[in-house]
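Please look over the model below before reading on. The briefing takes its topics one at a time.

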Amino acid sequence: METIIIIAVLVAFVAWRLKPVKGVQNVSTAQLKTMLNDKDKVFIDVRTPGEYKARNIHQFKNIPLGSDFSKLPKDKEIVVICQSGMRSKQACNQLKKLGFTKITNVRGGMSAY
């Protein structure tokens, strides 16, 4: 019985973590490729500097998760990527709390790119 409860809690936690953030658009890496030259978007990579240096998309600026996002322009769409999509989702939550309204998360991150 305890095992069933533990499994149910774990499944609920994973489902909660994968749930999209309200007000945040999600795009695939295929969709991202069509957006990369859009000057009305700001592209940020929230991975560590080491991860970014090892492999990156040159349109993305490295601003690691936990950095001050408040200096980003609120009048442009912010496109966020990380390694798998989990840190970028956290960054999107932080951007929402800061009052940003045009936020896009790249599903699957660099692992899917």
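What follows covers the fold, the charged pairs, the rings, the cysteines and a surface patch.

This is a predicted model, in which local features need pLDDT of at least 70, side-chain atom pairs count only at pLDDT 80 or more, and totals for chains, interfaces and linings use all residues. Residues are numbered from 1 along each chain as its sequence is written, and side-chain values use heavy atoms, with hydrogens and water left out.

**Fold and burial**

- The protein has five helices and five strands.
- Along the sequence they follow the pattern α-β-α-β-α-β-β-α-β-α.
- Helices (H or I, at least four residues) and strands (E, at least two) are DSSP runs, numbered from the N terminus.
- Of the 113 residues in the protein, 35% are buried.
- Buried means under 20% relative accessible area, exposed means over 50%, and partly exposed lies in between (1.4 Å probe, protein chains only).

**Salt bridges**

- The count comes to five salt bridges, each a side-chain nitrogen of Lys or Arg within 4 Å of a carboxyl oxygen of Asp or Glu.
- Aspartate 45 pairs with arginine 47 in one of them, with the closest N and O atoms 2.8 Å apart.
- Aspartate 45 is buried at 0% relative accessibility, and arginine 47 is buried at 2%.
- Arginine 87 forms a salt bridge with glutamate 51, and here the closest N and O atoms are 2.8 Å apart.
- Arginine 87 belongs to helix α4 (residues 86-97) and glutamate 51 to helix α3 (residues 49-54), so this pair ties together parts that are 36 residues apart in sequence.
- Arginine 87 is partly exposed at 25% relative accessibility, as is glutamate 51 at 24%.
- Lysine 41 is buried, with a relative accessible area of 17%, whereas aspartate 38 is partly exposed at 29%.

**Rings**

- Which ring has the charged end of lysine 33 over it? The ring is that of tyrosine 113, and the charged end sits 5.1 Å from its centre.
- Lysine 74 lies over the face of phenylalanine 100, at 5.3 Å from the ring centre.
- A charge sits over a ring if NZ of Lys or CZ of Arg is within 6 Å of the ring centre and within 35 degrees of the ring normal.
- The whole structure holds one aromatic pair.
- Rings of Phe, Tyr and Trp (its six-membered ring) pair if their centres lie within 6.5 Å; planes under 30 degrees apart count as stacked, over 60 as edge-to-face and the rest as tilted.

**Cysteines**

- The whole structure has zero disulfides, a disulfide being a pair of cysteine sulfur atoms within 2.5 Å.
- Cysteine 82 is buried, with a relative accessible area of 0%.
- Cysteine 92 is also buried, at 1%.

**Surface patch**

- Met1, Ile4 and Ile5 form a nonpolar patch on the surface, with about 370 Å² of accessible area together.
- Patches are made of residues with over 30% relative accessible area and no salt bridge; like charges are joined within 9 Å, and nonpolar side chains (Val, Leu, Ile, Met, Phe, Trp, Tyr) within 5 Å.
- Accessible areas come from the Shrake-Rupley method with a 1.4 Å probe; for residues, only the protein chains shown count as cover.
- Isoleucine 5 lies in helix α1 (residues 2-18).
- Isoleucine 5 is partly exposed, with a relative accessible area of 47%.
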